[in-house]
Amino acid sequence: FDQVGTGTLTQAAEGKTYTLTGAVSDQLLVRLLEPVDTAYYPQFQVYRPDGTLLCSGANNPLAEALCAPNADGTYTLIVQDYYGASGGTYRLYTQRTNNPVNATPINFGDTLSGTIGVNPQVRAYTFSAAAGDRVLIDVYDTSGTAFYPEVTVYGPTGAQVCNFIGSTTVVEGLCLLAANGTHTLVVGDYYGITSGVYSLFLQRTNNPSGA
């Protein structure tokens, strides 16, 4: 989790196979990027420990899905060309949206700087909140690149609560939370292809911190 792996499909119909450990309480975010403009159309499939299909994703240049394991054990992830006709290079990224790896704690009222380095990586933050809180989130691209900021909020179980997609420089959203506990906030490039430096602001609009 929270690593970008690279690989190459060298011929038609080829698949590359990976394994990862999942638990019944996990929510798995999978992002597969085709970083070079070729005929390769990225597709991935995730299989449960018993070999049945859990989830899949296919899109060009970025395939993405949030998968919910229903068993503890070793899961299989296969990368292919959707049409089975072309080879190509790819980058593969996985993360948990519950208990994310390498997450940065953030408090209400904080403004933090962050960097998206090697795509399709995202940056995860965690914060504590209560049911009924309304959370204001702002992300601004301070690097002046083509970074297109996207913000997603996940609840304590890892299920998606809110998703906001902004302009080419800024995204802002107000998210109503439904549960008590630790939430995950994820910042990334919407298209998954551009690096960038950004500024992130988090605040409650009910009972704001430091007002």
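Rings of Phe, Tyr and Trp (for Trp, its six-membered ring) are taken as a pair if their centres lie within 6.5 Å; planes under 30 degrees apart count as stacked, over 60 as edge-to-face and the rest as tilted. The structure is a predicted model, in which local features need pLDDT of at least 70 and side-chain atom pairs count only at pLDDT 80 or more, while totals for chains, interfaces and linings use all residues. Residues are numbered from 1 along each chain as its sequence is written, and side-chain values use heavy atoms, with hydrogens and water left out.

The structure contains 8 aromatic pairs. In one of these, the ring centres of Y41 and Y83 are 5.5 Å apart and the planes stand at 75°, so the pair is edge-to-face. The two residues come from distant parts of the chain, 42 residues apart: Y41 is in the loop between strand 3 (28-33) and strand 4 (42-47), and Y83 is in the loop between strand 7 (73-81) and strand 8 (88-96). Strands (E, at least two residues) are DSSP runs numbered from the N terminus, as are helices (H or I, at least four). Accessibility is classed as buried under 20% relative accessible area, exposed over 50% and partly exposed in between (1.4 Å probe, protein chains only). Y41 is partly exposed at 22%, whereas Y83 is exposed at 57%. Together with Y82, residues Y41 and Y83 form one aromatic cluster.

Disulfides were assigned to pairs of cysteine sulfur atoms within 2.5 Å. A search of the whole structure gives 2 disulfides. C55 is joined to C67, with an S to S distance of 1.8 Å. The torsion about this S-S bond is about 85°, so the disulfide of C55 and C67 is right-handed. The link spans distant parts of the chain, from C55 in strand 5 (residues 53-58) to C67 in strand 6 (residues 62-67), 12 residues apart. C55 is buried, with a relative accessible area of 11%, and C67 is buried at 1%.

The other disulfide connects C162 and C175, with an S to S distance of 2.1 Å. The link of C162 and C175 is right-handed, with 90° about the S-S bond. C162 belongs to strand 14 (residues 160-165) and C175 to strand 15 (residues 170-176), so the bond ties together parts 13 residues apart in sequence. C162 counts as buried at 13% relative accessibility, and C175 is buried at 1%. When the bonded cysteines of the chain are numbered in sequence order, the pairing reads 1-2, 3-4.
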